[in-house]
Amino acid sequence: MMQEKKINLTRFQLKTGPIKAQLPPKFIQKIPDVRPMTAKVQIDYKSDLDYLLNDETSKQEWLIKCDRVLKDWAMIPDKNNQMREFIMKKVISLIDSQDPNMKILAIRASLYGFLTLNLLEIIFGKQQKTVLKRPRSGSKMAEQLPSVLLQPQQFLAILQKGAQISEEELFQNIIQNIQLNLVIFKILKLFSQLPKDQQTIQQLIPYLNPTITILKNISNNQMERSKILQQAYLLLIDQFLHTFPIEKQYEKELSNINIILMATLRNLSIDATSTDLYLQCGIINKIVQTMVNYSNNYDLILNTLRIMSQMSLSKDCCNIFMNNDDAIRNICFFFKIYQTNIYVIIRASYLLANMTTYFEGIRQLIYFKFNAFQDIYNCFEYFWTKELQPTKQMSLENFGQSHAAWDFQILKQEKNIDALIRIIRLIANLLTVEQIGLDLMQNNLPIYKTLISKLLKLLQKFSQIQQNAELISCTLCCLCNATFYEKQSLLNDFEFKNSKLELIPQLGHFIIQNEDQEICCDGLRVLSNLSRQKDLIKQIIKTRVAEGVIVLLDSNSQDVVYYSLGVLINLLVDQDFKLKEIQNIIEPTIQILADCTLNENDIANLSLKVLVLLIESGLLKPDQMRLVENAVQQYGKICDQVLQDQTNSTIINTRTLINQIVNQIPDLKYKCPNANCGRAFETEFGLKDHIKRRHQL
């Protein structure tokens, strides 16, 4: 028999003292259903809605509730069409409200209500009724038709009213957070399912036009724009752009739809994100197609140019544009047919300037294949005359405020100087091709001379750097590229010679300043080209611009130092200048070489060339020769280390210059006997003269 184990009970005593606070236990609650509760509650619609309609403070709340009710219509018990029609009629009646916010909410709810029906069957059913014309302004929405359901005319009237309201300025202030764009895209998605036969298109156009008009005006809003800029939405827009077969009976209507869609895409093309999405969705190809097939449609072309000019900041987009010669040809043709239209010329110039920045091939296409340089130059002359000779009567092509002018106020702020900047930049880019520059000099010399003179006048009028930095920079770049090809002097032309002489002191103004280093470099580049002509060197020295260049050798900017050395190489051809300034040039040049590394070999090369010219003069003092020798040999050691490991043609050329300098430095055989002097001389006569002057006073 098993013995039971004895259990000993121990008494526990509760301890009294401070009680520590503890967190309560965490309960996992059921996640609430995210669907609106208003759609699940049984409501006495007739009495409740009548009550809300009579309460002015509750109509907006009522609209929001109805919107949810229509959205979740399938969840409502005991639903019937009479009840839905009652709700829809009440919603539509609020479109005539004096409150703009109420109007938009009512339009959104009404359109969504129709989406809950079989909308395509209503519009395109076999028993399709004749579509009514657009309602007159001020007509009451609720009085148009006695019945709402199965009436395509009522749906069209609501769309047209929405399009009308969306054109108003107040629309932009109230559209945010209403989510009207979601309803519009649902409608477009339904329309995209339709076949593209002639009869269907003709029936669809009256509905599609106001739908995309609303979308275009929504895209004007900055907050809403970011919501629309999604790949799914862009692909949906793409399905309606240039996809319908053109028929004479509705060609004008389709053209208007394309204009509105291009205006929408222009609103959305705001940054690099939109550019990437346009590339992914293939919209860029549709844009190029517009430029090819619709070059005579002004409204469409202006919007297309605005998109292309924005997209041209991307090299990938420019590559697509460039691959279509017809598109480029049409853009070039705009400089002829729209010469006086500032809006077109600004965008065409900006677009081609960006493209010519990326690809040399398009520069030759524009100049040689399409012969567009003359037309581009004529545009330059036109806007130059309007800016510098405002008293002269010149016509400006009127710009009608159309679908292309959704931001017409911004366009009106554009000035003649904005067109000049972009045209000058385009010309400068074209002149980077040697064949173009030489052809201009040989076959279009009058244009070349006039171009130089007019660019000078621009610099003289707009000389304030802070206010006109972009214009000055573009003008100097154009002057630099144009004067680069002037291999022989054209100074036998008295008027042209005066232009060059006037240009030199103007360049001095841009060189000797510390506001903008880029403009300083651009001025030095032009001066470097001019200093190749001996007739102009005297003017550079006379106006003391040369002295300013010497001062710039102490600049902290590598680019400024580089271009300054280039100018000095040309100026040192003049013996008078060399004799006068050699002592001011030698020390900073030696210091530049001493500070150079292999990464700055281009600067080292120029400084070595300057030293070669200075040594050849025979005007350097012995101590200066020793400084030159030390700096040259030190940089030579750096070059030798590189050449031990690899063959580098650039470094080999540098080493050749170094050897030339070392060979030119005379061997100083006659040293001063005074131990504290240290001077040495090439000839005995020089030593005796030194002792007589310094040590036998």
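The accessible surface of the chain in this predicted model comes to about 36300 Å², of which 48% belongs to carbon and sulfur atoms (Shrake-Rupley method, 1.4 Å probe). The model is predicted, and local features need pLDDT of at least 70, side-chain atom pairs count only at pLDDT 80 or more, and totals for chains, interfaces and linings use all residues. Residues are numbered from 1 along each chain as its sequence is written, and side-chain values use heavy atoms, with hydrogens and water left out.

The chain holds 35 helices and two strands (DSSP runs of H or I, at least four residues, and of E, at least two, respectively). Of its 697 residues, 53% are buried (under 20% relative accessible area, 1.4 Å probe, protein chains only). Among contacts (heavy atoms within 4.5 Å) between residues at least 6 apart in sequence, 75% join residues at least 24 apart.

Helix α23 (residues 434-443) and helix α24 (residues 445-461) pack with their axes 5 Å apart and at an angle of about 105 degrees (lines fitted to C-alpha atoms over the stretch in contact, with angles from 0 to 180 degrees between N-to-C directions); α23 and α24 are therefore roughly perpendicular (65 to 115 degrees). Leu440, Met441 and Asn443 of α23 meet Leu445, Ile447 and Tyr448 of α24.

Ser166 lies in helix α6 (residues 152-166) and is buried, with a relative accessible area of 2%. Leaving aside neighbours within four places in sequence, Ser166 is in contact with Phe171, Thr213, Ile214 and Asn217, and its side chain makes a polar contact with the side chain of Asn217 at 2.7 Å (a pair of N or O atoms within 3.5 Å, one able to donate a hydrogen and the other to accept it within protein, residues adjacent in sequence counting only if both atoms are side-chain atoms).

Definitions and conventions: Buried means under 20% relative accessible area, exposed over 50%, partly exposed in between (1.4 Å probe, protein chains only). Angles under 35 degrees count as roughly parallel, over 145 as roughly antiparallel, 65 to 115 as roughly perpendicular and the rest as oblique.
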